[in-house]
Amino acid sequence: MRNAARILAALFLIPYSLFLVAVAPANAQVNPYAVPQTNPDVPQNMHTLAQSAFIEAMAAVSCQLTGIDPINPHGKCLGIDAQTGKIGFVDPSKSSGGGGAIGVTSKAISMLFTPPIHTSDYFAYLGENFGITKKAYAQGTGFTSLTPLLPLWSAFRNIVYLLFIIVFVVVGLAIMLR
């Protein structure tokens with residue numbers, strides 16, 4: 001029984017002790033946060049870091065919405081490059097989402113309202129309106145054959161409207177009087 005306990009302890013302790021030997025040493029970092037580029041009179045502390053991170057976050061949101069970097073107006077914004085499918089700088093002049101969310105949305109809306117012009121459509125229009133033959137329409141009595149039934153239908157419709165009004169008034173009074 002004691003030997004079984006020792007063997008079981010050895011089976012657990014040997015693999016775990018190998019983890020202690022196999023772990024690479026960790027070195028302490030000298031600078032705990034990245035220092036932003038600031039004027040000499042600005043203190044280098046966490047307050048400055050937090051404000052610069054917030055300014056960068058707002059600039060990133062503005063860049064994604066408008067496609068223009070407010071910190072560097074001549075710079076490009078980051079986005080998905082259409083050719084590579086990876087994150088890279090996106091040119092705002094290209095039609096593949098370079099103008100930010102507002103630019104992409106306006107281009108998508110304008111594409112809905114600008115139909116493409118095709119020569120085949122124009123020739124089909126000319127063929128329909130060439131004037132050799134007249135267009136043929138379906139012949140028949142259609143709606144005019146129902147004209148004698150129209151007064152009867154109006155009477156039944158008005159009766160049903162009256163019944164609906166009575167039902168709604170009764171339900172309204174029942175709700176008010178509980």
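**Exercise 1.** Which residues form a disulfide, and how far apart are their sulfur atoms? Work it out on this predicted model.

*Solution.* 
- Start with the cut-off: a pair of cysteine sulfur atoms within 2.5 Å counts as a disulfide.
- Cys63 and Cys77 meet that rule, with their sulfur atoms 1.6 Å apart.
- The total by this rule is 1 disulfide.
- Next, look at the torsion: the S-S bond of Cys63 and Cys77 has a value of -130°, which is left-handed.
- Now place the partners: Cys63 sits in helix α2 and Cys77 in strand β1 (residues 77–80), so the link ties together parts 14 residues apart in sequence.
- Finally, check accessibility: Cys63 and Cys77 are both buried.

**Exercise 2.** Describe how helix α2 packs with helix α3.

*Solution.* 
- Helix α2 covers residues 46–66 and helix α3 residues 100–113; their axes lie 2 Å apart at an angle of about 15°.
- Angles under 35 degrees count as roughly parallel, so α2 is roughly parallel to α3.
- On the α2 side, the contact uses Cys63, Gln64, Leu65 and Thr66; α3 contributes Gly100, Ala101, Ile102 and Gly103.
- Sorted by class, this contact has 4 nonpolar, 4 polar and no charged residues.

**Exercise 3.** Summarise the fold and the surface of the protein.

*Solution.* 
- Count the elements: there are 5 helices and 2 strands.
- Turn to burial: 8% of the 178 residues count as buried.
- Among contacts between residues at least 6 apart in sequence, 21% join residues at least 24 apart.

Terms used:
Residues are numbered from 1 along each chain as its sequence is written. This is a predicted model: local features need pLDDT of at least 70, side-chain atom pairs count only at pLDDT 80 or more; totals for chains, interfaces and linings use all residues. Side-chain values use heavy atoms; hydrogens and water are left out. Axes are lines fitted to C-alpha atoms, for helices over the stretch in contact, and angles run from 0 to 180 degrees between N-to-C directions. Helices (H or I, at least four residues) and strands (E, at least two) are DSSP runs, numbered from the N terminus. Angles under 35 degrees count as roughly parallel, over 145 as roughly antiparallel, 65 to 115 as roughly perpendicular and the rest as oblique. Contact means heavy atoms within 4.5 Å. Ala, Val, Leu, Ile, Met, Phe, Trp, Tyr, Cys and Pro count as nonpolar, Asp, Glu, Lys and Arg as charged, and the others, Gly among them, as polar. Buried means under 20% relative accessible area, exposed over 50%, partly exposed in between (1.4 Å probe, protein chains only).
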